[in-house]
Amino acid sequence: MSKRRQPTSVEVAHLAGVSQSAVSRTFTPGGIVSAATRAKVLAAAESLGYRPNLLSRSLTTGRSGIVAVAVGGLSNPFHAMALESFAGGLQRSGRQVMLVQVEDEWALASAVEPLSGYQVDAVLTSLSVNEPDVAQALARFGMPVVTMNSSKTNAWVRTVATDDVWAGAQVARLLHARGARRFGYVAGRPPGTLAQERREAGFRDGLRALGVDGYARAQGDHHHRGGYEAARTLYASGPRPDGLFCLNDLTAMGAIDALRHEFGLRCPEDVLVAGYDNVAASAWPPYGLTTVDVGLAEVAAQAFEMIEADASGPREILIRPTLVERASTSGRYEAAQTAPGTGGCPDLQATAPSRVRARGS
């Protein structure tokens with residue numbers, strides 16, 4: 001069966017009794033055309049079943065209206081949440097979305113070259129760029145690439161970061177205020193990423209401010225199994241932490257399961273546990289996990305602005321996340337956002353989201 005021939009803009013113009021350029025302006029965002037002409041063009045297009053060719057339009061405008069959303073493995077629910085936030089916002093703004101799955105920043109660099117061949121206007125990704133070679137490779141295509149929590153940026157590679165140092169310190173203060181006195185941290189893999197370094201640095205600094213100089217530490221891998229195994233290592237010998245902060249929610253949920261099934265410890269009665277990301281499962285009753293909400297709606301809004309900014313615009317925007325307390329630190333199953341000075345923890349700072357332009361061009 002042959003493909004049905006698509007009507008052309010010339011045919012629309014003929015039926016509407018207008019010029020072809022009027023048809024082009026009608027279907028170009030920001031194009032100037034009278035209300036009467038627009039109505040005639042749209043009526044003719046509807047009658048013929050005409051749809052504008054976005055790729056051919058990009059040859060004259062230089063912009064396709066297509067933004068690629070590159071996400072990591074969707075087995076991590078945070079990447080799925082980022083995809084939903086990015087794609088939904090782009091579609092509401094009238095842009096088209098091209099989905100690309102990449103496992104790491106090296107794969108991202110390899111994916112951008114073919115994307116440039118599709119006249120993609122920009123790339124949004126929940127991954128971070130931490131290797132200078134990758135940042136340089138991405139910049140060669142002259143296409144805005146907006147990332148999350150990257151340590152390497154340039155005129156084309158930009159990042160929306162969360163204030164992980166602040167959040168880590170708030171978690172330390174919350175655990176201490178709820179009664180923990182021996183602390184532990186479960187890291188992720190690979191080590192050395194900006195988010196990981198900042199979260200642990202904030203946790204460490206927060207504990208020091210409380211007069212606590214050290215904490216136990218174990219290596220996870222961002223997934224449930226890694227958190228489970230890290231907790232088995234951490235609690236197998238030596239003083240057992242009664243306050244545990246994990247790099248992300250999946251790690252924290254794995255740790256909680258290990259505490260219960262390997263050691264018979266209860267959360268929060270025996271061990272207070274906090275995670276990071278506020279994925280949907282963190283609110284499920286078996287976990288009731290205290291966590292940090294990064295504010296993906298705000299991240300997406302700032303990312304959309306950054307893809308429109310020229311090369312002199314900011315390279316990093318910093319967003320303050322929100323601490324959300326649940327049963328794993330409070331003993332209550334009702335999920336409640338920790339408001340300033342409430343929940344029996346009057347020394348916690350305000351958690352209202354804010355943003356700071358941290359690095360310019």
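The crossing of helices α5 and α12 is right-handed, meaning that the near helix is turned clockwise from the far one by less than a right angle. Helices here are DSSP runs of H or I with at least four residues, strands are runs of E with at least two, and both are numbered from the N terminus.

Before I go on, a word on the model. It is a predicted one, where local features need pLDDT of at least 70, side-chain atom pairs count only at pLDDT 80 or more, and totals for chains, interfaces and linings use all residues. Residues are numbered from 1 along each chain as its sequence is written, and side-chain values use heavy atoms, with hydrogens and water left out.

Back to our two helices. α5 covers residues 77-92 and α12 covers residues 296-308; they pack at about 50°, with axes 9 Å apart. The axes are lines fitted to C-alpha atoms over the stretch in contact, and angles between N-to-C directions run from 0 to 180 degrees. α5 and α12 are therefore oblique to each other: under 35 degrees would be roughly parallel, over 145 roughly antiparallel, 65 to 115 roughly perpendicular, and the rest is oblique.

Which residues meet? From α5, they include Phe78, Met81 and Phe86, and from α12, Leu296, Val299 and Phe304 are among them; contact means heavy atoms within 4.5 Å. The residues of this contact divide into 11 nonpolar, 2 polar and no charged. Nonpolar covers Ala, Val, Leu, Ile, Met, Phe, Trp, Tyr, Cys and Pro; charged covers Asp, Glu, Lys and Arg; the others, Gly among them, are polar.

Now for some rings. How many aromatic pairs does a search of the whole structure find? There are 5. Rings of Phe, Tyr and Trp (its six-membered ring) pair if their centres lie within 6.5 Å; planes under 30 degrees apart are stacked, over 60 edge-to-face, and the rest tilted. One of the pairs is Phe203 with Tyr215, edge-to-face at 5.7 Å centre to centre and 70° between the planes. Phe203 sits in helix α9 and Tyr215 in the loop between α9 and β7, so this pair ties together parts 12 residues apart in sequence.

Is Phe203 buried or exposed? Phe203 is buried, at 0% relative accessibility, while Tyr215 is partly exposed at 23%. Buried means under 20% relative accessible area, exposed over 50%, and partly exposed in between, using a 1.4 Å probe and protein chains only.

One last stop: a cis peptide bond joins Cys267 and Pro268, with omega about 20°.
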